[in-house]
Amino acid sequence: AFLIPYLLSLFLCGIPLVALELSLGQYFRQGPSTVFYSICPLLGGTGYSMLISLFLSQICYVVIFAWVLFYLIASFMNPLPWTTCGNSWNTEDCYARNGSDSNMSGIPPSQEFYDHRMLQITDHPDKFGTLNWELALLLLAAWVLIYFCVFKGIKWSGKVVYVTVTFPYLIMIILFFRGITLSGAGNGISYYLRIDTSKLRLARTWGNAATQIFYSLVTGFGPLITFSSYNKRSYNVIRDATVISLINCATSFCSGFVVFSVLGYIAKEQGLPVPKVVSQGPGLVFSVYPAALATLPGANFWSIIFFLMLITLGLDSAMGGMESLSAGITDACPKLLPRKKWVTLGLTIVFFLLGLTAVTTGGFYIFNLFNWYAAGIGLFVTTIFEIVAVSYCYGGNRFAKNIGRVISKPIWLYWKVCWYFLTPGMILVVLLFSTIDYYPIVYGNDIPYPWWGEFVGWLMTAGILCGIFIPAIYQLIVTEGTIKERFMKLLFVPKTEEELQADLACEINVDNQKFPPPPYRSNYSMYSYESAV
């Protein structure tokens, strides 16, 4: 049932937003921290809101990177440490099931390895615990690796991406063909493709689908705007927005076969129905799937390549986030451009220090807070303001006309209808459903956090929205004129000389030399980031 709202979100929100953000960056040659001031000064802070969401997401994202490194190292042990009970971290409840055993009450050793060996998790969010030094060192290693992949700028990171993108596809193909040949794989795939219409009545299903689209396509976070700003102005960005989005979501769809074929196999091995072995969130990646791989011949090999694949995927996304944040700072403060390496280093240190809070023995609860609130209501509201700024303040027709002029291609009616009505309408509906169906953050078996958990979460959401409202208030204060005059000046920007000349000439003239990019933008192909998306 998830595929239906997922596909609707893709065509009504995902692809139009990707096209909008890529076009914004390419046409104005600016990153998110400055581009919105060129289209609607009153909503200029929309870019800051995007970068705040990205900042919060990046903290927990690289913590997962450290977890993957932990599992990669453990994959070289024989036997794999998450396959047996009787280890120092196991409890009396640990139980390794098999197909002939009807015991359903034990805890799988893979789950205990995840909870008690790697996370060493405390039993309550109030128990912050002590620093997990193994994860802290791995977190440091992850950030060092990310820094050396991006410190030379977009041209260097673009070369790294060519390697980190092809490898996951190669591994996914290998895992796909291995998975579909396993006994019971058909049951897992059947469960994956089965449509349960009752789930479509749940607001949570639609909210999760929209959030997944935002995460997988990186819309509303800023990297698309940042990396497209390095494009040539005449690049056919609308075509690439469509192709990138379809390839991305087709990859996500195919990865479902990789996962559920193996889940079907382990369900048959354990004599359980498929829903009993399906898990959501990190548990699927770090408990269920490794346990399934451990039952295959050559388990160490399959485990190693699986976690290597996750490392390259994580590296891509982390590099994109770091480049966007550092470019956002240097765009807002051009004096820092010659010291961009130091800006990147400073960001790396800040992220590492903040990430240490999520690698204590109670750190999983902090991680869960970031994961729960960094992309949600704040992200949906930000994208609504983004669309309002482009479509209703700058003018959707005007924007489409400008993009069509520089790429020498007409902008189809589909894009305009989406930018004006369908995309903001669907986001508003999902936001409304998410608000109606809202429930406080939970852990374990749906146990609510203490009062401070929800307070901190809403504080993060407020921080995201402050990125829009504080700059707007400041602009209203410093702008001269009556209240009405201030709003008119800040909401609607007059046509540029380029637009006026194009209107008078009534012809398309794409000349990158005539309208050169700012000195801090170079014409690097967006293919360097296309795969990271």
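Me: Before we start, what counts as a nonpolar core here?
Reply: A nonpolar core is a set of buried Ala, Val, Leu, Ile, Met, Phe, Trp, Tyr and Cys residues joined through side-chain atoms within 4.5 Å. Keep in mind that this is a predicted model.

Me: Got it. How many residues has the largest nonpolar core, and which have the most contacts inside it?
Reply: The largest one has 152 residues. Those with the most contacts inside this core are Leu-24, Ile-39, Trp-67, Tyr-71, Leu-175, Phe-307 and Phe-399.

Me: And where does the largest share of this core come from?
Reply: That would be α3, with 17 residues.

Me: Nice. What is Phe-307 in contact with, leaving aside its neighbours within four places in sequence?
Reply: Phe-307 touches Val-68, Tyr-71, Leu-72, Ser-75, Trp-82, Val-285, Phe-286 and Pro-290. Tyr-71 is also among the core residues with the most contacts.

Me: Let's move to Leu-308. Which helix does it lie in?
Reply: Leu-308 is in helix α13, which covers residues 299-332.

Me: How far apart are the C-alpha atoms of Leu-308 and Ile-146?
Reply: They are separated by 15 Å, with the two residues 162 apart along the chain.

Me: OK, helix packing. At what angle do α3 and α13 pack?
Reply: At about 155°, and their axes are 9 Å apart. The two helices are therefore roughly antiparallel to each other, since an angle over 145 degrees counts that way.

Me: Is that α3 and α13 crossing left-handed or right-handed?
Reply: Left-handed. The residues of this contact divide into 22 nonpolar, six polar and no charged.

Me: What about α2 and α3, how do their axes cross?
Reply: Helix α2 (residues 32-39) and helix α3 (residues 46-74) have axes that come within 7 Å and cross at roughly 155°. That makes α2 roughly antiparallel to α3.

Me: Left-handed or right-handed, when α2 passes α3?
Reply: Right-handed this time.

Me: Last one: which residues in α2 and α3 meet?
Reply: From α2, Pro-32, Ser-33, Phe-36 and Tyr-37 meet Thr-46, Gly-47, Tyr-48, Met-50 and Leu-51 of α3. The residues of that contact split into six nonpolar, three polar and no charged.

Terms used
Residues are numbered from 1 along each chain as its sequence is written. This is a predicted model: local features need pLDDT of at least 70, side-chain atom pairs count only at pLDDT 80 or more; totals for chains, interfaces and linings use all residues. Side-chain values use heavy atoms; hydrogens and water are left out. Axes are lines fitted to C-alpha atoms, for helices over the stretch in contact, and angles run from 0 to 180 degrees between N-to-C directions. Helices (H or I, at least four residues) and strands (E, at least two) are DSSP runs, numbered from the N terminus. Angles under 35 degrees count as roughly parallel, over 145 as roughly antiparallel, 65 to 115 as roughly perpendicular and the rest as oblique. A crossing is left-handed if the near helix is turned anticlockwise from the far one by less than a right angle, and right-handed if clockwise. Contact means heavy atoms within 4.5 Å. Ala, Val, Leu, Ile, Met, Phe, Trp, Tyr, Cys and Pro count as nonpolar, Asp, Glu, Lys and Arg as charged, and the others, Gly among them, as polar. Buried means under 20% relative accessible area, exposed over 50%, partly exposed in between (1.4 Å probe, protein chains only).
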